[in-house]
Amino acid sequence: MSSRSREEDMERQREGGAFSENGILPKPDGKKVLLEARQLVKEFPAGGTRKKPQVVHAVTDVSLKIYEGETLALVGESGCGKSTLGRVLIRLLEPTSGGILYQGQEIVGMKEAEFAGLRREMQIIFQDPYASLNPRMSVGEIIGEPLLTYGMKDRKEREARVRELMQEVGIAQEFYNRYPHQFSGGQRQRIGIARAIALNPRLIICDEPVSALDVSIQSQVLNLLKDLQERYGLTYLFISHDLSVVKFIADRVCVMFLGSVCEIGDTDELYGKPLHPYTRFLLNAIPKADPRLRSKEKELLSGEIPSPVNPPPGCRFHTRCPYVKDICRKEVPECHKVGKRRVFCHFPLG
Amino acid sequence: MSEAIVLDIRNLRSHFFTAKGEVPAVDGVSIQVPPGKIIGIVGESGCGKSMTAMSVMGLLRYPGRVVGGSILLDGRDITHLTKKELSQVRGNEVSMIFQEPMTSLNPVYPVGKQVREAILLHQKMGKDEAKARVLDIFCAVGIPEPEKRYYSYPHQLSGGLRQRVMIGMAMVCRPKVMIADEPTTALDVTIEAQILQLMKKLCEEQGTSIILITHNMGVVAEVCDYVYVMYAGKVMEQAETFALFEKPSHPYTQGLLKSIPKLDEKAERLYTIDGVVPNLLHLPKGCSFCTRCDQAQKRCFVERPCLYETAGSREAAGQGAGCQGQASQEVGSREAGCLEAASHGVRCFQYEGGGKLDE
Amino acid sequence: MKDERQEEMMAAAGTAPKPDIAEAQLGEADTWMDKLRTLVRQNKMAAASAVVIVLMILVAVFAPWVAPYDHLAQSLTDRLQDPSAAHWLGTDELGRDVYSRIIFGARISLTIGLVPTLISMAIGTVLGLCAGFYGGKTDFIIMRLADVMLAFPSLLLAMVVMYTMGGGLINIFIALSLVNWAGTARIVRSHTLSLKEKEFVEAARSIGVKKWTIMFRHILPNCLPSLIVLFTLNIPSAILSEASLSFLGIGAQPPSASWGLMVVRGKKYLFSEPWLSIAPSVAIMIVVLAFNFLGDGLRDVLDPYLKEQ
């Protein structure tokens, strides 16, 4: 058991007081583990024949800890399993194997009724602000839905809280009865954020929340996310492929490639001195907004991302890695600890 | 401007005629494309950058229409061509690649055949000869095992390979200008870097000019020679790339550059441009950026600024060349040719001192 | 005016106006009125059809006041009269005014068009939702049942039902309701399948909204435009089925003024008094065409799956 005991949690739910002031949590100190993933595996069926069923290995043997109050970023290219991992962690998808501890409590295999109380503490913000809001519900209904689901039946009370939330995320209250299609992408994303914080959650999975937005809107939303985190002591799992955004928002970064973790570490350290070759190439590849940094011949990764249906044996990255040795092709690298960082590579850069 | 301009877009205006009114999607855009250069058009969604490209390609569909201006390709106006003439130009002299290669490739034909079709459509050539040509171009755009890929269907290729095929198809007739509309937006970072590198290489080797449309300032900084920043259907600032990033002059450009999170510094908060892009139907009376501008003056709300040349932009260009010399001698010299033509234009009253570049 | 003053005041104060995100542009709403306007503008045929249908409904509702004669009143002295000022469409073999009968027939046809269609679509919608949302065995059983229903010619199936239960309006309702749900179920299921993968459904799940609530609050409303289109297209087929059943003698029973029945009764006099069967045929044709045109028009305006941005 980490921070607070189960009883306290139950009390919180009983009171339903999360809607009132006492729902605001004390500022976390960033030491306690909020969520821990233990050797998570998620596979999807991908057709094949009955005798030889094919599987997409979306997440393979991932272990990580998310500390209270921090922002952990999951970084990787498409198909690396970062979104799947995020959804598995809050049980929108059931893991194939492995365990998830939320405040020291195993939530994999927990009955839906039992989990319902914890569900409100973990919310998700989606990438596509167009698809994530029901086009036939008004803003008030969308933001009010979580409140309604958790027993705030009184219309007036709910409306008051929704208006409060709208103010919080920067949507004017007179838009209470508008429909999603009347808003721009950034405003919709704000609505999605309001819906996610409505239940005073502790953990929010941000699944590429700004990658569909324009640059000028992107910075507005990032600032908002940061403000909210400060105000409510939220913990974020920030999923993104954009390393510059991650650099801005994350305290720690976890780099993933093809379903497995490459490297986890503090943002500044990891950006300053990548230990996994993949991290380095990823950082190199970002087009930087400064023409003086262009170089004639960039050190680029060759090749494509292998298919997650038939991932290469050994180190997942070995087909693209320029430093590949024999052992990389055969053995899955173990975790090397370098200071506070963890690297999964046979020959970490150093 | 120097006389060697391949594609000269002059005061182009394309409007959409919708039920709610006439939408000026492209509102007096002038763009010059010199040979063998990469021109960047950068802006947020709805700023008219794609519509400009569609207008050039003659791909605007009802309710959109080019209502004014001219598009000169090698001195020939291509705005009022017949369908037949247009199809001779399109794909042959000017070609285009799109953001999502999957939708631009026909899923039921092998990609090699599709590229071959593109050749046969425009050039008199035997089928075998054309195929050889396709294999050549596949090699040139870096497709591994071209012989095998020739018979692959689009869904069998990864996003990066598909984009390479598209580029191959666009390059196969050695066009004078290739328009790339967000060519790397759907791709991963490592693949994006490969594609950008490829485009740069092709541009240098084949002398094709590229108009690169993107929202990503990083991509612009990486490959473009000259940049046009668009906002609400108008060019807000135009400059040689180094000059633009060195000294962004329009408040919008400045804001854009400031609001991007940087890799090399840790900021507590990001700079933001308040508000959202205005509705093109209800543009502000004055400068279209005035409602979001943090340097706006009284007159910005009532008068429309022209595109002014920044005072001393010629000298600045000279300095720019000098500073590139430090970065890389070779790049600097390559840039120099473009710099002569490059004037730094800004659509903002702050630069009224300089001469007008339009209207 | 107000805006300008505001701007000027702000500009004068030396601060640039920073619009709250609130003031920023909002896309204008596509309200129902807007859609109606689009329909009228784009598709004149559909708009005209809508008018015809509204008129038809009014006539059906106010039939006793509109019709010049009682539709059941026989007058053996006036049998088989040619159309005249007194009897616009003549009289039938029992001396009943054909025009009045057609007006009263509209009641039957429209009820037949509306009621069984509503019932069958309600059944189909619920089954389709369940099949699409739950998937697996539920899906398998429901959809195989639907396949079986669709494999039979629906008229044949309706005939079987009618023969076992006997003729009469109520039985037509039941027969047509039972026969026509499968098509709706299929369409709703396919919409559900794509909708349940949408992120807003995932968002609802992440909040912990109950499955049944998700189905009816999030998925069903997004199927509605297609359902409305389907509804207008199903009505004419129900009307035609009733006409066919009545024509075959197992639908509406005399003396009711069903159009199908009138056609078959007029058949005997096709060469001597053709209006007896032509008039109700034309009535059927007009109604069916009107609903079809309206359905097509509505599809263009409403169905989001045809014009996804």
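This is a predicted model: local features need pLDDT of at least 70, side-chain atom pairs count only at pLDDT 80 or more; totals for chains, interfaces and linings use all residues.
1. Of the contacts in chain A with a separation of 6 or more, 67% are accounted for by residues 24 or more positions apart.

2. Chain A holds 11 helices and 12 strands. Buried residues make up 49% of its 350 residues.

3. Along the principal axes, the C-alpha atoms of chain A fill a box of roughly 65 × 50 × 45 Å. The radius of gyration of chain A is 21 Å, which agrees with the value near 20 Å that a compact globule of 350 residues would have.

4. Chain B has 13 helices and 12 strands. Of the 359 residues in chain B, 53% are buried. Where contacts in chain B join residues at least 6 apart in sequence, 69% of them link residues at least 24 apart.

5. How many residues does each chain give to the contact? Chain B supplies 42 residues and chain A supplies 37 residues. On the side of chain B that touches chain A, the elements giving two or more residues are α7 (159–171), α8 (189–206), α9 (217–223), α10 (241–246) and α11 (251–259) of chain B. The largest share of that side, seven residues, comes from α8(B). Sorted by class, the side of chain B that touches chain A has 20 nonpolar, 14 polar and eight charged residues.

6. In chain C, helix α9 (residues 199–207) packs with helix α10 (residues 211–247) at an angle of about 150°, and their axes are 10 Å apart. Because angles over 145 degrees count as roughly antiparallel, α9(C) is roughly antiparallel to α10(C). The crossing in which α9(C) passes α10(C) is right-handed.

7. Which residues make the contact of these two helices? From α9(C) they are C:F200, C:V201, C:A204 and C:R205, and from α10(C) they are C:I214, C:H218 and C:I219. By class, the contact of α9(C) with α10(C) has five nonpolar residues, one polar and one charged.

8. One is chain A, with its 11 helices and 12 strands. Another is α8(B), which gives seven residues to the side of chain B that touches chain A.

Terms used. Residues are numbered from 1 along each chain as its sequence is written. Chains are lettered from A and ligands numbered from 1 in the order in which they are written. Two residues are in contact if their C-beta atoms, placed from the backbone, lie within 7 Å. Helices (H or I, at least four residues) and strands (E, at least two) are DSSP runs, numbered from the N terminus. Ala, Val, Leu, Ile, Met, Phe, Trp, Tyr, Cys and Pro count as nonpolar, Asp, Glu, Lys and Arg as charged, and the others, Gly among them, as polar. Axes are lines fitted to C-alpha atoms, for helices over the stretch in contact, and angles run from 0 to 180 degrees between N-to-C directions. Angles under 35 degrees count as roughly parallel, over 145 as roughly antiparallel, 65 to 115 as roughly perpendicular and the rest as oblique. A crossing is left-handed if the near helix is turned anticlockwise from the far one by less than a right angle, and right-handed if clockwise. The radius of gyration is taken over C-alpha atoms; the globule rule is 2.2 Å times the number of residues to the power 0.38. A residue is buried if 20 or more other C-beta atoms lie within 10 Å of its own, exposed if 12 or fewer, and partly exposed in between; C-beta atoms are placed from the backbone.
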